[in-house]
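This briefing describes one predicted protein model for computational work. Please keep the sequence and the coordinates at hand while reading.

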Amino acid sequence: MNRELILMKLKNIVRKEKETSFSLFGGKGGVGKTSMAAATAVSMAKMGKKTLVISTDPAHSLSDSLETKIGGDVKKITKNLYALEIDPQKAMQEYKGKILPKIEGMDALKGMGLGDTFDMMGMTPGIDELASMDKFMQYMQSKEYDVIVFDTAPTGHTLRFLSLPELMDSWVGKMIMIRMRFAGMIGAFKKLLPFTKDQEDSDIDLEHLNTMKARIEEARKILQDPKRTAYNIVMIPEEMSILESERSLKVLNEYGIHVGGMIVNKLIPENSHCSFCAEKRKQQQERLKMVREKFGKYSIKQVLLSKEEVKGIKMLENVGKELSD
């Protein structure tokens, strides 16, 4: 084997090793998504992987889970472990600062019969989902981390976030059409698109729109790549949580997003000295059968209810061990 071929193989190995993988945790509110996401991030960091855990939930609890104030900038927590909480209010203010001065320009466009084709206010995604996708795309392309773990908001919000590449692709496609048909009116659209650089005097030209379209397509491919992305559904052994998980699974399958597995959290351990606990455990075991029937083809992890709050690195390490068993 010649030297050039050996070097090429080595470069390919290095490139593969640097490819970031993504783990998303979602489910009904109150099921313990943050604890599961944080525990997974701690485990990955302990394995020597440079890991970033990002909270996209407007009601952040990641700081509480890790017992340290995180905020909107990446913060180092321990060796190999970093964390970030997206601030939707700050993102909203920044976006409003760009969009509000431009709204008047929309009347002229609607007057030309474009209201049905491109209703800017109707098509614009929620700013919290927008900020989440922006961060996802930013860190997706950085290749700085081995693993990025997303602690997501409750199910409905998260599924809207996951549908953004589809929505944004359609949105940008309409922008390209309008740009081609109404090149002279592009000034009305300046700075209305997310993920663009703050260029006060530059037009959003076709090249820029096509570049954005390519970034969105890349985000979609990564979300749909089972080798890089896994969505973990967290639930508790209660019927409402199980049924919501079933609905989530259907939507995830529709979007082609790989489901890494199911996590049944807050299972009551055996306790022969507590009649209430025994009865509650019996009910949970029935629900566990329901979980196996509905999601039997997926990996199902079980996490016991802890007598203490799951917070702090030590507790998260213990939960991480349960998840890895």
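The secondary structure of the protein chain comprises 12 helices and 8 strands, where helices (H or I, at least four residues) and strands (E, at least two) are DSSP runs numbered from the N terminus. The model is predicted: local features need pLDDT of at least 70, side-chain atom pairs count only at pLDDT 80 or more, and totals for chains, interfaces and linings use all residues. Residues are numbered from 1 along each chain as its sequence is written, and side-chain values use heavy atoms, with hydrogens and water left out.

**Confidence and overall fold**

- The mean pLDDT of the protein chain is 76, and 60% of its residues reach 70 or more; pLDDT is the predictor's confidence in each residue, from 0 to 100.
- Over residues 98-106 the pLDDT stays under 50, and the model has 12 contacts beyond four places in sequence for this stretch; contact means heavy atoms within 4.5 Å.
- Residues 195-204 also have pLDDT below 50, with 22 contacts in the model beyond near neighbours in sequence.
- Of the 325 residues in the protein chain, 46% are buried; buried means under 20% relative accessible area, exposed over 50%, and partly exposed in between (1.4 Å probe, protein chains only).
- Among contacts between residues at least 6 apart in sequence, 76% join residues at least 24 apart.

**Helices H2 and H12**

- Helix H2 (33-46) has 14 residues and reaches 20 Å from its first C-alpha to its last, close to the 20 Å expected at 1.5 Å a residue; the expected span is 1.5 Å times one less than the number of residues.
- Because 11 of its 14 residues are buried, H2 is largely enclosed by the rest of the structure.
- The buried residues of H2 include Lys 33, Thr 34, Ser 35 and Met 36, as well as Ala 45.
- Just after H2, Gly 48 adopts a positive phi of about 95°.
- The 12 residues of helix H12 (residues 313-324) should span 16 Å at 1.5 Å a residue, and the end C-alpha atoms are 16 Å apart, which agrees.
- Met 315, Leu 316, Glu 317, Val 319, Gly 320 and Leu 323 are the buried residues of H12.
- These buried residues pack against helix H2, helix H3 (62-66), strand S7 (259-267) and strand S8 (300-304).

**Nonpolar cores**

- The largest nonpolar core has 32 residues, of which Leu 52, Ile 54, Ile 148, Ile 233, Met 235, Met 262 and Phe 295 touch the most other members; such a core is a set of buried Ala, Val, Leu, Ile, Met, Phe, Trp, Tyr and Cys residues joined through side-chain atoms within 4.5 Å.
- A second, separate core of 25 residues includes Ala 39, Ala 41, Ile 70 and Leu 316.
- Leaving aside neighbours within four places in sequence, Met 262 is in contact with residues including Ile 233, Met 235, Leu 249 and Phe 295.

**Individual sites**

- Ser 55 is in strand S2 (residues 51-55) and is buried, with a relative accessible area of 0%.
- Beyond its neighbours within four places in sequence, Ser 55 is in contact with His 60, Leu 62, Leu 84, Glu 85, Ile 86 and Asp 151.
- The C-alpha atoms of Ser 55 and Ala 38 are separated by 9.6 Å, with the two residues 17 apart along the chain.
- Thr 152 occupies the loop between strand S5 (147-151) and helix H8 (155-181), where its relative accessible area of 1% makes it buried.
- A polar atom of the Thr 152 side chain lies 2.6 Å from the backbone oxygen of Phe 25.
- Asp 87 is in the loop between strand S4 (81-85) and helix H4 (88-99) and counts as partly exposed, at 38% relative accessibility.
- Asp 87 and Asp 57 are 30 residues apart along the chain, and their C-alpha atoms are separated by 9.1 Å.

**Backbone torsions and the disulfide**

- Glu 67, in the loop between H3 and strand S3 (75-78), has a positive phi of about 55° although it is not a glycine; Glu 67 is exposed, with a relative accessible area of 52%.
- Lys 266 lies in strand S7 and has a positive phi of about 65° although it is not a glycine; Lys 266 is partly exposed at 32% relative accessible area.
- Cys 274 and Cys 277 form a disulfide, with their sulfur atoms 2.3 Å apart; the criterion is a pair of cysteine sulfur atoms within 2.5 Å.
- The torsion about the S-S bond of Cys 274 and Cys 277 is about 70°, so the disulfide is right-handed.

How values were computed:
Polar contact = N/O pair within 3.5 Å; in protein donor to acceptor, adjacent residues only side chain to side chain.
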